[in-house]
Amino acid sequence: MSVTAARAQADDRAARREPEHELDLETRLIATIPQVFRHLLAHARRRSAWRDLTYQQYNVLRIIDVEGPVPQGEIARRLLVSAPVVTRLAGGLVEAQLAERGRDPRDRRAVRLTLTAAGRRRARAMRRDLLAAAAELIEPLPGERRAGVAAALEELQVLLPDRTLPR
């Protein structure tokens, strides 16, 4: 076999391995993100603010806390769920006296959700609990590794459509 043919074969092998490496990165991403998320939720759920509420209900509270009164349809769009899902989630929040339903002044057919004072306090307590859980997760990492995680997260955010920094 000539040197040129050997190089061509080596290049072919390298080209075949490159997608394997990318797949490995993709596989690791898919495996890691849910595990981190489950860890955060498990730690947050140990705290009283999370008692009797789901992560989806927290997201509804969080959106309303950040944006003010929001139509249910807009919440469904942001959470990538159907309107009936938000109706069910909102029902639990209204029953718990954390949110109130009302008419949207811009569209009388739309239902708008507003937080009660208790709902605002609960949303903020739940956020604090998630941040505390995140601190517990990253606390053991040395500073250099934390910087690496921060850089990786910044890169991941660039990939997201409609990138907005979380509050």
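User: At 17% relative accessibility, does Asp-65 count as buried or exposed?
Analyst: Buried means under 20% relative accessible area, exposed over 50%, and partly exposed in between (1.4 Å probe, protein chains only). At 17%, Asp-65 therefore counts as buried.

User: What pLDDT do side-chain atom pairs need to count?
Analyst: Residues are numbered from 1 along each chain as its sequence is written, and side-chain values use heavy atoms, leaving out hydrogens and water. This is a predicted model: totals for chains, interfaces and linings use all residues, local features need pLDDT of at least 70, and side-chain atom pairs count only at pLDDT 80 or more.

User: Which residue forms a salt bridge with Asp-65?
Analyst: A salt bridge puts a side-chain nitrogen of Lys or Arg within 4 Å of a carboxyl oxygen of Asp or Glu. Here the closest N and O atoms are 2.9 Å apart. The pair links helix 5 to helix 2, 59 residues apart; helices (H or I, at least four residues) and strands (E, at least two) are DSSP runs, numbered from the N terminus. The partner of Asp-65 is Arg-124.

User: How many residues apart in sequence are the parts tied together by Asp-129 and Arg-47?
Analyst: The two side chains meet in a salt bridge at 3.9 Å, N to O. Asp-129 lies in helix 5 (residues 117-138) and Arg-47 in the loop between helix 1 and helix 2, so the tied parts are apart in sequence by 82 residues.

User: What separates Arg-77 and Glu-74 in helix 3?
Analyst: Their side chains meet in a salt bridge of 2.7 Å, N to O. Both also belong to a salt-bridge network with Glu-67 and Arg-78. Because they are 3 residues apart in helix 3, their separation is about one helical turn.

User: What arc do the buried residues of helix 4 cover?
Analyst: Val-86, Leu-89, Ala-90 and Leu-93 are buried in helix 4. They lie on the same side of helix 4, because their arc around the axis is only 100°. The arc is that of the directions from the helix axis to the C-beta atoms. Its value is 100°.

User: Which strands do the buried residues of helix 4 pack against?
Analyst: Contact means heavy atoms within 4.5 Å. The buried residues of helix 4 pack against helix 2 (55-67) and helix 3 (72-79). They also pack against strand 2 (99-104) and strand 3 (107-115).

User: Which exposed residues sit on the face of helix 4 turned away from its buried side?
Analyst: The buried side includes Val-86 and Leu-93. The face turned away from it carries Pro-84, Arg-88 and Glu-95.
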